[in-house]
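Let's take a look at a pocket and a helix pair. Here is the model to follow along with.

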Amino acid sequence: MAKEAPLSGWKFEIARVLSERGQNLMKRKDLRLTLEKAFEASEFKIPAPDAQWKWLRSRPEFGEHEVELDDSVAEAPPAGLARATRYSWGYSPSPLEIGLSLQENSFISHASALELHDLTTEVARTIYVNKEQTGTGKSGGQLTQAGIDRAFQGSPRVSRYRLRYTDYQLVLITSKNSGRSGIEEKQTQYGAAIPVTSVARTLIDIANRPHYAGGVYAVQSAYQRAVRDGKVQISALISALNRLDFVYPVHQAVGFYLSRSDMPDSGRLSRLAARGLEFDFYLAHGMKDPAYDAVWRVYYPAALDATRAT
């Protein structure tokens with residue numbers, strides 16, 4: 001097989017500036033500006049855009065990554081995301097990176113964070129990409145037991161912003177503004193470091209929204225795995241709860257899951273209980289004939305008793 005001739009001229013310039021970007025995904029605008037940079041101080045005649053694209057698409061280093069609206073979802077995602085293309089040069093981005101490229105300042109959370117922290121054995125084809133809201137502050141209403149009961153009678157609100165990338169579903173969700181509290185950079189098996197919720201924040205997030213983690217049984221399993229592997233720090237959980245500042249008493253769900261996870265020195269859970277046990281709370285929405293834990297004042301699916309650590 002004949003050896004490929006070295007690049008020269010404008011082709012060399014394009015390859016050079018693209019390589020200088022490193023492993024960074026590009027939007028169409030980013031790619032256009034990069035190509036313009038290649039010719040800023042060039043002595044070569046600038047080829048027509050069609051010629052540039054034809055050459056790029058002929059190169060094995062060049063990647064085009066199409067993201068499309070999931071056909072099973074009727075509601076469109078944020079503007080510009082019903083269909084999006086990302087470009088790469090010299091590397092193969094992971095589905096996590098593709099998802100993160102769709103919205104600035106986003107991060108991986110819930111079930112996807114569990115996988116990155118080795119808190120689940122499930123290898124999911126759904127990736128949860130989270131972005132904090134810009135507003136601050138709690139709702140002006142006062143929390144009441146009647147309000148909690150009413151909120152958890154029906155189904156939970158779930159994101160309708162679902163897109164498809166190859167055989168992955170990308171779910172775009174939003175969360176309360178916490179100043180990106182509990183977001184850390186984590187190295188992945190793909191080689192890239194990506195923003196993901198910490199173990200403490202992940203455990204809290206999945207207790208708050210179990211439907212993004214596979215349901216309460218998957219959440220209980222993740223808690224048990226975290227306790228078993230020594231990844232639970234009560235002080236970190238309390239600090240995260242303080243910063244996240246939920247309206248609902250999510251700490252009661254966290255305490256409930258930990259109490260059923262063979263937590264060593266379980267007396268430390270009293271620090272969670274000290275946050276208050278004023279209201280009855282629910283592990284999930286729309287439960288039928290739930291059981292009740294009087295210690296944490298939490299309603300839960302009765303079948304969950306079979307998963308309790310002993």
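## The largest pocket

Strand E6 is the top contributor to the lining of the largest pocket, giving 4 residues. Strands are DSSP runs of E with at least two residues, helices are runs of H or I with at least four, and both are numbered from the N terminus. This is a predicted model: local features need pLDDT of at least 70, side-chain atom pairs count only at pLDDT 80 or more, and totals for chains, interfaces and linings use all residues. Residues are numbered from 1 along each chain as its sequence is written, and side-chain values use heavy atoms, with hydrogens and water left out.

In all, 41 residues line the largest pocket, and Arg157, Lys176, Asn208, Arg209 and Tyr248 sit nearest its centre. Two or more lining residues come from each of helix H6 (145–151), strand E6 (168–175) and helix H7 (199–208). By type, the lining splits into 16 nonpolar, 18 polar and 7 charged residues (Ala, Val, Leu, Ile, Met, Phe, Trp, Tyr, Cys and Pro count as nonpolar, Asp, Glu, Lys and Arg as charged, the others, Gly among them, as polar).

## Helices H1 and H2

Over at the helix pair, H1 (residues 9–20) packs on H2 (residues 28–38) at about 125 degrees, with the axes 8 Å apart (axes are lines fitted to C-alpha atoms over the stretch in contact, and angles run from 0 to 180 degrees between N-to-C directions). That angle makes H1 oblique to H2 (under 35 degrees is roughly parallel, over 145 roughly antiparallel, 65 to 115 roughly perpendicular, and the rest oblique).

The contact (heavy atoms within 4.5 Å) involves Glu13, Ile14, Val17, Leu18 and Glu20 of H1, with Leu31, Thr34, Leu35, Lys37 and Ala38 on the H2 side. Those contact residues come to 6 nonpolar, 1 polar and 3 charged.

Note on methods:
On a 1 Å grid over the protein atoms alone, a cavity is a set of points where a 1.4 Å probe fits but cannot get out, and a pocket is an open set with protein on both sides within 12 Å along at least five of seven lines; lining residues have an atom within 4 Å of a point.
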